[in-house]
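Welcome! The report below then walks you through it, one topic at a time.

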Amino acid sequence: MTHAQKSFDPQATGPLDGIRVLDLSRLMAGNMLSLQLADFGADVVKIEPPEGDPLRDWRDDGHSLFWKTYGRNKRSVALNLRHAPAMAALWKLIETADVLIENYRPGTLEKMGLAPQALLERNPDLIVVRISGFGQTGPYAQFPGFGTIVEAMSGFADRTGFPDREPVLPPLALADMIAGIYGASATTMALYARQAGTARGQVIDLSLLEPMFSVLGPEAAIHAVTGKIKQRVGSASNTASPRNVYQCADGKYLALSGSTPAVARRIFEIIGRADMNEDPRFANNSERVKHRALVDEAVGAWFAQRQSEEALAVMRQSGATVGPIFNIADAMADPHFAKREIIVEVEDEQFGHLPMHDIVPRLSGTPGVWRRPAPGLGEHSTEILREAGLDEAAIAAAVAP
């Protein structure tokens, strides 16, 4: 499948053009946050230690593909902040910044002399985004807070997997990604409030835990009202039926969801079980959920007798909500992914072109822009420090490892 090709244009501008972001964070949440801002035109400056952001070392077959994807549209300055000249250079950058992102353990920024109060005294319009596992306050504030621990403690893992097996953690940095998106939203809100004159600089206390917990739905309300703790149900659902993954005769799996009454009724008709629509056990969603095993038995038997392509076509033609289980190779070969430019081929010095996700979301009037590939470590140190007004001697002292 041929995917759209994207070329970089350093002169391109997006809706956040003119916004300067200093990103002192490491790994995923901060990089996801600053990627959202960079993709829409903000000048994101990665402040990296001499050894670089650890994300550079997340490698596949020796290739730093995470960095190529999440470092795009950013610039890099390498500073050893344990040295006074580097710290002095950072303060000069802070004076020109609109946003500062950090994810040190709570209290570390203060020990570095970069407490939010000091930052806002130097730059009253600065928006300081503080990312941590559990927040800047509370009993767990000082605990190490990688996404894995948050995915466990949020309740997410307890809901994932099958009832007779161990809880399942996601195979990707899900908590970090969700927090990064929340953080980008919060940052643009703060920028808007500043522009509107309702606030100047402020501090955003962004934990990984709270965004992760928020996407689980009304779990707290359900427990308070019913006294129940929802159990793991594999690929089924505690709230809708039919909804599951079903295996076809050729061994392939399809995902099916009958979350609305009309679609559920249609599915029963398609599988030749219109009688289920008149059965009190399946008459409404609540009853179908109670009798989920019987629903899955009937629906699963229909899929098991058909090839996946046939089953997919029949269900789709009848208006049922169904789709195949894709792996990445399937997505790369899928015409919808290509036509919608969900995956694009981005110019790359090492590979010629490299596929990655396109800029999201899509804005009709002020779309995101492709300005530069992920930077080499410290690639823009001299350039950016000159922009901040440092002379050559101060730059040389600041960038010394």
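In which loop is Asp61 found? Asp61 is found in the loop between β3 (43-48) and α2 (65-70). Helices here are DSSP runs of H or I with at least four residues, strands are runs of E with at least two, and both are numbered from the N terminus.

Although Asp61 is not a glycine, Asp61 has a positive phi of about 50°. Asp61 is also exposed, with a relative accessible area of 78%. For that word the cut-offs are these: buried means under 20% relative accessible area, exposed means over 50%, and partly exposed is in between, with a 1.4 Å probe and protein chains only.

## How to read the model

This is a predicted model, in which local features need pLDDT of at least 70 and side-chain atom pairs count only at pLDDT 80 or more, while totals for chains, interfaces and linings use all residues. Residues are numbered from 1 along each chain as its sequence is written, and side-chain values use heavy atoms, with hydrogens and water left out.

## The whole protein

The protein has 18 helices and 12 strands. Its C-alpha atoms fill a box of roughly 85 × 50 × 40 Å, taken along the principal axes.

Of the 401 residues in the protein, 46% are buried. Now think about contacts (heavy atoms within 4.5 Å). Among those between residues at least 6 apart in sequence, 69% join residues at least 24 apart.

## Helix α1 and its partner α8

Helix α1 covers residues 28-39. At 1.5 Å a residue, its 12 residues should span 16 Å, and the end C-alpha atoms are 16 Å apart, which agrees. The expected span is 1.5 Å times one less than the number of residues in the helix. Because 12 of the 12 residues of α1 are buried, α1 is largely enclosed by the rest of the structure. Among these buried residues are Asn31, Ser34 and Asp39. Just after α1, Gly41 takes a positive phi of about 105°.

How do α1 and α8 (residues 174-196) pack, and at what angle? They pack at about 45°, with their axes 7 Å apart. The axes are lines fitted to C-alpha atoms, for helices over the stretch in contact, and angles run from 0 to 180 degrees between N-to-C directions. The two helices are therefore oblique to each other; angles under 35 degrees count as roughly parallel, over 145 as roughly antiparallel, 65 to 115 as roughly perpendicular and the rest as oblique. The crossing of α1 and α8 is right-handed, a word used if the near helix is turned clockwise from the far one by less than a right angle, whereas anticlockwise is left-handed. On the α1 side, the residues that meet α8 include Met28, Met32 and Leu33, and on the α8 side they include Met177, Ile181 and Thr187. By class, this contact of α1 with α8 has eight nonpolar, five polar and one charged residues. Here Ala, Val, Leu, Ile, Met, Phe, Trp, Tyr, Cys and Pro count as nonpolar, Asp, Glu, Lys and Arg as charged, and the others, Gly among them, as polar.

Helix α13 runs over residues 292-304, and its 13 residues should span 18 Å at 1.5 Å a residue. The end C-alpha atoms of α13 are 18 Å apart, which agrees.

Which residues of α13 are buried? They are Arg292, Val295, Asp296, Ala298, Val299, Gly300, Trp302 and Phe303.

## Features in the loops

Two cis peptide bonds deserve a look. One joins Ser241 and Pro242, with omega about 0°, and Pro242 sits in the loop between α10 (219-226) and β8. The peptide bond from Val360 to Pro361 is also cis, with omega near 0°, and Pro361 lies in the loop between β12 (352-357) and α17 (381-387).

Glu341 is a residue other than glycine with a positive phi, near 55°. Glu341 is in the loop between α16 (335-339) and β11 (343-348), and at 26% relative accessibility Glu341 counts as partly exposed.
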